[in-house]
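Subject: Structure handover

Hi,

Here is the structure you will be taking over. My notes on it follow below.

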Amino acid sequence: MIGRDAAFIKSAYRFKAWLSFFVLTCSMILQSPIGQAQNSLAAALQEQSEFLPVREAYRLDGALTTNGQLRLYWQIAEGYYLYQHMFKVRHADASSPANLSISFPPALDKTDEFFGDVSVYYDEADLTAALPDGATRLTLAITYQGCADAGLCYPPETEHLLVDVVTGAVTPTTFEREPPSAASAAATGPNMTLLLALGLAFLGGLILNAMPCVFPILSLKVLSFATGDPGEHRRHGLAYLAGVVASFVLIASVLISLQSAGRWVGWGFQLQSTGFVIGLAYLFAVMGLSLSGLVLFGGRWMNLGAGLATAPGTRGSFFTGVLAVVVASPCTAPFMGSALGYALTQPAFEALAVFATLGIGMAAPMVAISMSDTARRWLPKPGAWMETLKQVMAFPLYLTAVWLLWVAGKQSGVDTMAAAAAGLVMLALGLTLLRGGATARIVGVICMVSAVMLGSVRGDATPSAGKGERDGIVTWSPEPLETLRAQGTPVFVDVTADWCITCLANEQAVLFTDDMSRAFEAAGVTYMVADWTNYDPEIGVFVREHGRNGIPLYVMYPGNLQAAPTILPQLLTASIVTEALASVSR
């Protein structure tokens, strides 16, 4: 485990220069907490040689108590700590997956850069686990996770203990790693190879162009190829390709780095940051104002944000590619989930190759149009209608900004949403005043600074109720899932988020309809929702265990614990869900 972690960190070090630019820019403009994680990673990279191997930092011993419980004692090296919520004790046999009950001693409260407000143990951790009644000899898997104060967070570590209740002996043992679960095999395919993952990534990138979060951005760029010099069009197409691929590689590098630091994140992870969501809402609003003709970008200092995508020359095409990747993050196309799930279980080079291929697939239609004279002849002839189209395309961007503000409200409360909406008004006013005289420009700059300050406001109100509050829907967690299955109840798990457009489309068109609710009730299937709108490491682990690294994720569990779960496609139809319900109801 340590060798694999060190390989991840070593690979991340090769991309440190790119990561520093990308993450620092995002954290400064959008005030995202990702910057803090990247800074801690940089410190970890510099001090890598000073960290202890995981089993030297945390030394585990086990013994049986007089009342038949298992005592687990960790001696923790100085400057290291263990998370209370990450301890798990379970049968090593996959046929008995339930976690054993653990009694915890008092712990220290800590605000942690990886998990937020947590309880941790320094120096030592002394726990007791209740053994099942009637057990005489069993092998237990003990899972724990810890970090160093210096900034490195280890991945979860699992050790195995052989417990002989009759003799009272507790000894470390080796245990053959369990084969991948049926769920994971269904997600990534039992014979998934790098070549197959590259092919799926390319197809997923192609389909990503048709997603509602991407298409409006690209349509106007495609129409610009209808006239002009063919050589210039080819240069623009290659610049767009470079922007898309570079963005995907940078996102993959940050994703790999955060995962190697112990933060379980997936595709679209940046949208779990309220600051990033608000910054994206501002960007969409400014782009809409530009298309409406209310804001005219000009001047050297204006070549930021949306101005980069509208800039003349190949630079504008490059940043159109960057922008297309940013706005694609709430969408997951078919084939993407399996490809990315495979990629992030591989060495860094292979993972980056899959992400780059995803970018090539996404850029392929634009590049093909820029290269082909025949394709350009099929484009509509330019005319006054293009100005009308430009005005019309501004309104989907405004609606997207409203939706992103709603997501921010769901994450951090209605006060945050109201402050961000006021910031949008100040931003529009500031951009308008910049077109005036010297005094108006000064006031405009003040308005824009105010917009940034309002966007950083976080209300005291708790986030809005999640999808788990709907009638007939149960909030997901591992223990209730295992309990329901042990009782013979089939369970459908829906991993979703308010920022996931594909998730929202599936819910409104299929899952949350009255007919489907009656179908779930008739089949006796419990509907569980894992809401990943905000960062939740347990949900991240659940997604990763099923061979995916992004959402939506739909898993149908039969009531029989011995039966394998089924992973449904990322784009649902009523017939797909009905067939899955019928398979478990029988």
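Start with the cysteines. Cys-500 and Cys-503 are joined by a disulfide, S to S 2.3 Å. A disulfide here is a pair of cysteine sulfur atoms within 2.5 Å. The torsion about the S-S bond of Cys-500 and Cys-503 is 75 degrees, and the link is right-handed. Both of these residues, Cys-500 and Cys-503, are buried (under 20% relative accessible area; exposed is over 50%, partly exposed in between; 1.4 Å probe, protein chains only).

Searching the whole structure gives 2 disulfides. Cys-147 and Cys-153 are also joined by one, with S to S 2.3 Å. Its torsion is about -45 degrees, so the disulfide of Cys-147 and Cys-153 is left-handed. Cys-147 is buried at 0% relative accessibility. Cys-153 is buried too, with a relative accessible area of 0%. Cys-447 counts as buried at 6%.

A word on provenance: this is a predicted model, where local features need pLDDT of at least 70, side-chain atom pairs count only at pLDDT 80 or more, and totals for chains, interfaces and linings use all residues. Numbering runs from 1 along each chain as its sequence is written, and side-chain values use heavy atoms, with hydrogens and water left out.

An open sheet of 5 strands runs in the order 13-15-14-16-17, with mixed pairing. Its edge strands are strand 13 (473-475) and strand 17 (566-567), each pairing on one side only. Strands are DSSP runs of E, at least two residues, numbered from the N terminus. Two strands pair if DSSP finds at least two bridges between them. Strand 14 (residues 491-496) pairs with strand 16 (residues 553-557) in the antiparallel sense, over 5 bridges. Val-495 has Leu-553 in strand 16 as its bridge partner.

Now the rings. There are 18 aromatic pairs (Phe, Tyr and Trp rings, the six-membered one for Trp, with centres within 6.5 Å; planes under 30 degrees apart are stacked, over 60 edge-to-face, the rest tilted). Phe-492 and Tyr-527 have ring centres 5.2 Å apart and planes at 65 degrees, so they are edge-to-face. Phe-492 is in strand 14 and Tyr-527 in strand 15 (residues 526-531), so this pair ties together parts 35 residues apart in sequence. Tyr-527 is buried, at 4% relative accessible area. Phe-492 also forms a stacked pair with Tyr-554: 6.0 Å centre to centre, 10 degrees between the planes. That pair links strand 14 to strand 16, 62 residues apart. Both Phe-492 and Tyr-554 are buried.

Best wishes

Methods: Helix = DSSP H or I, 4+ residues; strand = E, 2+ residues; numbered from the N terminus.
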